[in-house]
Amino acid sequence: MAEVTVQQLAEVVGVPVERLLNQMQEAGLEHTRSNDVVSEKERMTLLTFLKRSHGGDEDEGEASPKKITLKRKTTSQLKVSNSSGKKKTVNIEVRRKRTYVKRDEQEAQAKAEEQARQEEEAAAARKQADEVARKATETAVPKAAAEQARRNDAPKRSNDGVKAPQVASIADVQAAEVSESEKKRKASKDKPGKVVKTKERSDEEERGRAKGKVAVRRPAGASDDDFDGARRKAGPRKPKKGKLGQNAHGFEKPTAPMVRDVLIPETITVAELAERMAVKAAEVIKIMFKMGAMATINQVLDQDTAAIVVEEMGHKVKLLNENALEDDLASAASADVEEGTEEPRAPVVTVMGHVDHGKTSLLDYIRRTRVAAGESGGITQHIGAYHVETEKGMVTFLDTPGHAAFTAMRARGAKVTDIVILVVAADDGVMPQTEEAIQHAKAAEVPIVVAINKIDKEAADPDRVTSELASRGVIPTSWGGDTEFVHVSAKSGQGIDDLLDTVLLVAEIMELKAVPAISGRGTVVESRLDKGRGTVATLLVQNGTLRKGDIVLAGMYYGRVRAMLDENGQQIDEAGPSIPVEILGLDGAPDAGDEFSVVASEKKAREVALFRQGKFRDVKLARQQAAKLDNLFENMGSDKVANLNIVLKTDVRGSLEALSGALTDLSNDEVKVTIVSSGVGGISESDANLALASSAVVFGFNVRADAGAKTIVEREGIDMRYYSVIYDIIDDVKKALSGMLAPEFHEQILGTAEVRDVFRSPKFGLVAGCMVIDGVVQRGKKLRVLRDNVVIFEGGELDSLRRFKDNVNDVRQGMECGIGVKNYNDVRVGDQIEVFDVITVERSL
């Protein structure tokens, strides 16, 4: 059989011809038909391929394969019924594959050797365990023999009166134990369920019961020490429970409501209040709704509201004073003042008056500097503190702005001052801000010295100014009052010495004193952020001495004084009472008017600062939430309010406060100014991103934007404006708000025509022949029809207007015309047609 065909080879092998051809092609042979001849070499190639595919090795030659895979495929038919009820025949093909693996003799031998080794290791382990058990038995048996001998010494007798023999050897003891255990086993077999007790166990149980312990049976071969340890571990027997046993719980339903003492701080959320009363937050919200106040679970309540809610729910209120830290600071300050020695101090003088009345020029002459020339627009926009050494003594001056926007700043200046110099221009008289300054000074109970300025002008009238001030309660001493009046000229210096003498005289009468030996404390006059130095705060020391290196707590911020400068920018190491200084080192810019004090430790300063920040945040949140809830129903159904969002950055804190108040006051019911963000310092990238997100306008007052902010502003087209005078910001915002106001519409009656006759035209419909009795009737304007002075139609337009046969645009008074009314066909003789126009009127604030 050297050469055979593919069909013959398939018959010999027992496979279909198609399958054999596929296998030959997979083996790389070029046989495609059943009558192709297959040589011996080709058969060996096919055989090698089949061995490799079935897990064999091609180098084995004629050796038997180690793995044989058998594949079987059977086909059957199944008759099924479809949805219509007809039967359908389906062919089902089942394929099975099974692989047989022949294990190698070496593998079987290795497995047998491994099994034998495991058996040897197990035998050795058993032998070792038997040896350990034998040694333990030999150790325990002498002890058992000694115990048995001790028992045999007692007068034990059997039933026939013969004394029990003693155990004399180890073998006898072992035999006795074996016989005893055999008896127990047989007895338990004869009487199942009954426990057989030996004499030894009964004695042990009696001893254990007498001692209150659980009797533990000694195991065979155990020593006395082991047996005693087991009895100690068992412990005393636990008494039995009641009827319910261990499943009974110790909780009972309370018979009376629980009344708790609820600690209420100054601010508390609804969730915290509910937790302190041990109730659900929904119950607290329900009570508040019944009381007429809407609340949410995260709403912050003030102390009074929380106390009412607690009392309403039947608990006791215990108000918590969280101002312990503040009280400690106040008590420490008062203790220092009492211990120190008071000494005279210089007066702190505040210069007040109307804008452009010469306040700064007056100080300028006294200080021999040009302060007024450095201010934008020639007006003062910051509080200035100046320490001046005069021939008459030392005086500290506070220069406050005179514009109406700085009312809060002027009020703050009146609180920290000892004497007020009220500057009034002799040619201008008493102005609105002059009256405000008088009110602030009287509210602070501060003496006033009136300086009538600009007396060297031709239009000066000091007597008129004196009369106007007297009518407002400021009466000069020459008229029998208590106020000193001095005529001065800031330009020529006339009367300046008299003014200083008067101020020092008033200060001497007041007997101003302070304690320089204690730690410094006073008021923050101004604060700002400097790009190179950080936070710069202007402080007025009112008592004690402030030194470089002290830890200062100012409002919500604290820090160590790294540098101290006087009003001329010179470095100083300490500042006593009535001395204004600039300090560096605070971690933030405090508000102008905040009190500052020197604290002993940085830890104490941090605690108080964090407490103040948290308190300010809670109070602010509570105020905002209350405003939202109070205005909830008021705003329902109302028109949408136009909103102008502003991001405001200023150079100092005082200007920020003044601008915020002035811009917010421009709001009304239709337009509203919302300051999205405000701060001291330059315009940063975060400010620009916030303005972009909130569609806000960026205002910079004496500050500029950095490179990152400029990039965002230019890329996104944000409206950013720089200002140096407060008037310009207020005017621009006022114009913007005026443009946001909804315009008003006014009607303007153009003319009136009386219907004399009515015609019907096939082309124009109903035409009214009219006489113009008032004004001018114009084509295309709106009209209304009046009958007996009652409007019966409104809203149409004057569609057609003719005079004789000509179309005209307007007809004047005293002329006849024909009017075609659009969409109205009920015009009668005697009606009046009123022509009017709607005019849009732009509004302004």
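The structure is a predicted model, in which local features need pLDDT of at least 70 and side-chain atom pairs count only at pLDDT 80 or more, while totals for chains, interfaces and linings use all residues. Residues are numbered from 1 along each chain as its sequence is written, and side-chain values use heavy atoms, with hydrogens and water left out.

**The chain as a whole**

- The chain contains 22 helices and 36 strands, where helices (H or I, at least four residues) and strands (E, at least two) are DSSP runs that are numbered from the N terminus.
- Of its 845 residues, 37% count as buried; buried means under 20% relative accessible area, exposed means over 50%, and partly exposed lies in between (1.4 Å probe, protein chains only).
- The accessible surface of the chain comes to about 51,100 Å², and 49% of this belongs to carbon and sulfur atoms; such areas come from the Shrake-Rupley method with a 1.4 Å probe, and for residues only the protein chains shown count as cover.
- Among contacts in the chain with a separation of 6 or more, 67% are between residues 24 or more positions apart, a contact being heavy atoms within 4.5 Å.

- The whole structure holds 23 salt bridges, each defined as a side-chain nitrogen of Lys or Arg within 4 Å of a carboxyl oxygen of Asp or Glu.
- One of them joins the side chains of Arg-653 and Asp-591, at 3.4 Å from N to O.
- Because Arg-653 sits in helix α19 (residues 653-664) and Asp-591 in the loop between β23 (579-586) and β24 (595-599), this pair ties together parts that are 62 residues apart in sequence.
- Arg-653 is buried, at 17% relative accessible area, whereas Asp-591 is partly exposed, at 34%.

**A pair between a helix and a strand**

- Asp-732 and Arg-721 also meet through their side chains in a salt bridge, at 3.8 Å from N to O.
- This pair links distant parts of the chain, with Asp-732 in helix α22 (residues 726-740) and Arg-721 in strand β28 (residues 720-723), 11 residues apart.
- Asp-732 is partly exposed, at 23% relative accessibility, and Arg-721 is also partly exposed, at 36%.

- Asp-831 forms a salt bridge with Arg-787, and their closest N and O atoms are 2.9 Å apart.
- Asp-831 lies in the loop between β35 (816-821) and β36 (832-841) and Arg-787 in strand β31 (residues 782-787), so the pair ties together parts 44 residues apart in sequence.
- Asp-831 is buried, with a relative accessible area of 2%.
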